Amino acid sequence: MKIRSAQVALLPMFAIVATVYVGSILWTIGISLTPSRSLPIYEFVGLEQYVALFRSSRWTTSLVNMLVFGAGYIGGCLALGYLMAIFIDQKVRAENALRTIFLYPHAMSFIVTGLVWQWIMSPTEGIQDFVRGLGLTGFTFDWIVRPDMAMYAVIIAGIWHGAGFVMALLLAGLRGVDTEIWKAARIDAVPAWRMYLHVVTPILVPVFVTCAVLLSTHAIKSYDIVVAMTKGGPGIATEVPAKFVMDYLFERSSVGRAAAAATVMLMMVMAVAAPVLYARAAAAKG
Amino acid sequence: MSISERRPWKTVSPARIGTYAFLLVCALFFAMPLFIMLMTSFKTMEEIRSGSIFSLPSAPDLGAWVKAWSAACTGVACDGISVGFWNSVRILIPSVILSVLLGAVNGYALAHWNFRWAGIAFGLLMTGAFIPHQVYVYPLVQLFAWSGTFGTLAAIIAVHVIFGMPVMTLIFRNYFVSIPEEIFKAARMDGAGFWWVFFAIMLPMSTPIMIVAVIWQVTGIWNDFVLGLIFAGRENLPMTVQLNNIVNSQFGEREYNVDMAATILTALVPLVLYFISGRWFVRGIAAGAVKG
Amino acid sequence: MRFRATLPLLGLLAGVAPALAQEAEVIHWWTSEGESKAARVLADAFEASGGTWVDNAIAGASAARQASFTRIVAGDPPEASQFNSGREFEDLAAQGLLTDISAVAQEGNWDQTVPQALLASAQIDGKVFAMPMNIHGRNWIWFNAKLLEEVGAEVPAGWGEDMFVALDKLKSAGKVPLALSGTPSYELSLFESILLDIGGANLWYGLYQHQAPEAFASAELRQAFETYARLRDYVDVGSPGRTWNAATNMVITGEAGFTSLGDWAKAEFAAAGQTAGVDYGCILPDGVLQIGGDVFVFPKLSDDDAIKAQQLLIETLADNTTLRNFNAAKGSIPPRADVDMTGTDVCAEKGSAALQISDTNVPRLTMLQPSSVAGEIQDLISQFWNDPSLDIETAIARYTEIVLNG
């Protein structure tokens, strides 16, 4: 009977998953098999869009970039966010101000902050120019204009944008850790770093999972940061799959190609998620 | 609780210095773009054209701020970003309340009342969260058009609830999972039902995570441009549409000082929330409840 | 936006039905201060003829297009939507979602007055579905007149050897010779400017309209790639990712000598208080203008009152005086030869002259090729520009494949 009320409580979720998420995903897969241009056309052409997709060097570059960006962005945000949360949790002064400074990037539209990052990283306008002006003429920071390094420039701005929220989530987690644990640690004279490493971090694993999943949805979905900073350039060096989908949906009038790209993205997510889903279903059954 | 009883190493001064040094370096990194934005917003366009992005304004000028708020052109009208402010508020409040509550209920049900289909539905929901929102636009447009709600306040609120659901559910589920079962096992043995446990035990314990969830939703919904543009209807366009019109004109001249001021002004609502949310980031709310 | 809320209210107060009958909602992306003036010309003209202009401005063609498409698909279309001249709206027209304005075109003698290239892209199966509002020249070279004089450089005619002499002089004077907005669309734009200078309208149509094999094998195409590659040495290291506004500003401040941009660059010169022919100059390479522009399409409506308002809007927008004032405010060229534009600036006059003969103007790439093909060309050219290890043979081979198989 209690399970019944849990089922009732989850009804809105079931309804939305079934109609919106599953429905849209099936629709998208369907459209990826059509020659749809700017409007959906229901005409079967098989895997043509996929063939064209993987012939495009931009798409394959995008996939690689997504992995590079994902690794750097997720890793960077988790590491920096956790460190900031720990340090802020040391009863420091001005906690409120610090937390707001770390979080504010999250509040700002990327159209303009991305432009500001482009200025900062531009060798002719930003840090490089400034430091050289101070007399250090050998100083170089030109990642954003180098095809081999531009992705890392985007990662820096991504970490700037995302680390604050990780900090907030982990800080909330840290504040939920039982104070008794710290009392015990003090009595046994355990150093703080060992406490964090061996006791606190394992407790926070669910929060880390939350952060990692949130960050990976961002890493896969976001294109605005790339559009604002590099427009995918130099050349196609910073193109990402989500930007590919966006461009083909509304710029290049090819809904079919965009749907094929989105379907491939979905398959990749499923490839990672399916084992987890299966394990969960099995656990619930048992 | 007193300070001394919690952090014995707090008084060791080299560690203290290290702590502050680290936080200061981080703060500088995070604040640099804001510094440039503020400096640019106080300069005249002439100064921006000829000067360095790091230079201080020679004669700070508030003109760009006034213009951004109430006089910048955004089309035929030149009324700045203030036009859509109340629309944004009208979209924000119901969307945040609904999506956070729904997320909390979902998370709670999934964490402690799990059953087979729930896990699968949750997995599908999370999978859907990895696809760019724009992919959903055509099916959703057709869904809303069919239900006759396309271009209304209800439609945009529903869209925000739909797209907020994966993250909200995830945040709450993983938070509730970490709360020991013993806490409400007793209550359940006493015959407390699903909703009683939720409202009397779980919700009061979840203040910090609730704040995080609200921060996430307020930020996302307040800054949303594309969904508002498509689903809200012309009468309800959020202020980000005006912001976009100011900062994202592709073939017109750009006024960077107005762009910066408009961006900061638009971000003020979430920024204020970040600042005042501090009083809830207190240790012991959840922990205290665990003990109690 | 203001009047939208107040007008119906006033109508109610006066005890008459709100002027719904003549209310027309227009989606467009003219949102900067300069563009806003131009949009107001249209709004004022419509209000003067008794209509109520309901402004729905959305910056960025992509976002505006997204709004137009979804509104039309949802069955809640605006009375008019801005598009680029080209093939973006052909699917809408093919599915019968747009109003046929052939009668208006006939009445205005568009086949005589509108440049052939432009009219062709407004037509589908002989019916006219789009109303050209303006023409933007896309392949101009802009230069800082004082700076060129200072370094003793002659104004070149295009992208020939004289250009490289001028670029070298700027370079040895420590200036940035060519300010480039290093983004895919402007990198392509620079290539197109060179291509037109070397091959003219002939090569352009050969490549993009007739897809003639000899055009792809021509020495001119190869020369265009070579000249383009040569320019890499005259661009500063900060070019990638730079906005066109910033590139123009480098010419304005005298940091750079030249930039290659469409005539919208004039908006930045004007905002900085500079005058064409005095502070800055314009070069039209080989005298061939690559044209693009904005059009309005008029979605099919079902409501009778809305249809009436839409008809009034169409009539207003087709009016010569409206077009003249609009283009004067926007700094663009009117799309019709019967609109008198005397008294505009020297660059606009050069542009207008190029429009008089069909050999000296060509439509932009997206008016001849689907935007997916145009997009892939853009990806390739941007890759070529940024990756000197990509040799010209490979680039031409891939270029040929994209155009012929796209």
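**Domains, interfaces and confidence in a predicted complex**

Chain C is divided by the domain assignment into domain 1, covering 2-136 and 292-355, and domain 2, covering 137-291 and 360-405; such bounds come from an automatic or database domain assignment. The model is a predicted one, in which local features need pLDDT of at least 70, side-chain atom pairs count only at pLDDT 80 or more, and totals for chains, interfaces and linings use all residues. Residues are numbered from 1 along each chain as its sequence is written, while chains are lettered from A and ligands numbered from 1 in the order in which they are written.

The C-alpha centres of the two domains of chain C lie 30 Å apart. Their contact takes 24 residues from domain 1 of chain C and 25 residues from domain 2 of chain C, where two residues are in contact if their C-beta atoms, placed from the backbone, lie within 7 Å. On the side of domain 1 of chain C that touches domain 2 of chain C, the elements giving two or more residues are helix H7 (116-122) and H17 of chain C. Helices (H or I, at least four residues) and strands (E, at least two) are DSSP runs, numbered from the N terminus. H17(C) gives the most to this side, with six residues. By class, the side of domain 1 of chain C has eight nonpolar, twelve polar and four charged residues; here Ala, Val, Leu, Ile, Met, Phe, Trp, Tyr, Cys and Pro count as nonpolar, Asp, Glu, Lys and Arg as charged, and the others, Gly among them, as polar.

As a whole, chain C has 20 helices and 14 strands. Its radius of gyration is 22 Å, close to the 22 Å that the globule rule gives for 406 residues, so chain C is as compact as a globular protein of that length. The radius is taken over C-alpha atoms, and the rule is 2.2 Å times the number of residues to the power 0.38. Along the principal axes, the C-alpha atoms of chain C fill a box of roughly 75 × 45 × 35 Å.

One sheet of chain C is worth a visit. Three strands form an open sheet in the order E7-E12-E14 (chain C), with mixed pairing; two strands pair if DSSP finds at least two bridges between them. Its edge strands are E7 (136-137) and E14 (361-363) of chain C, each of which pairs on one side only. E7(C) and E12 (residues 289-292) of chain C pair in the antiparallel sense over two bridges, and C:His136 has C:Gly292 in E12(C) as its bridge partner. Two helices lie across the strands. Helix H17 (residues 346-356) of chain C lies across E7, E12 and E14 of chain C and runs at about 90° to E12(C), whereas helix H10 (residues 184-208) of chain C lies across E12 and E14 of chain C, at about 90° to E14(C). Axes are lines fitted to C-alpha atoms, for helices over the stretch in contact, and angles run from 0 to 180 degrees between N-to-C directions.

Between chains, the contact of chain C with chain B takes 38 residues from chain C and 29 residues from chain B. Elements giving two or more residues to the chain C side are helix H2 (33-48), strand E2 (52-57), helix H3 (61-73), helix H13 (244-252) and helix H14 (265-271) of chain C. H2(C) supplies the largest share, seven residues. This side of chain C divides into 18 nonpolar, twelve polar and eight charged residues. The contact between chains B and A takes 92 residues from chain B and 87 residues from chain A. Helix H2 (residues 13-41) of chain B provides the largest share of the chain B side, 13 residues, and that side has 64 nonpolar, 22 polar and six charged residues.

Within chain B, the assignment gives domain 1 (2-61) and domain 2 (82-289). Six residues of domain 1 of chain B are in contact with seven residues of domain 2 of chain B.

Turning to confidence, the predictor gives the complex an ipTM of 0.90 and a pTM of 0.91. The mean pLDDT (the predictor's confidence in each residue, from 0 to 100) of chain C is 91, and 94% of its residues reach 70 or more. Over residues 1-19 of chain C, pLDDT stays under 50. Chain B averages a pLDDT of 87, with 91% of the residues scoring at least 70. Where pLDDT is low, the predicted coordinates should not be read in detail.
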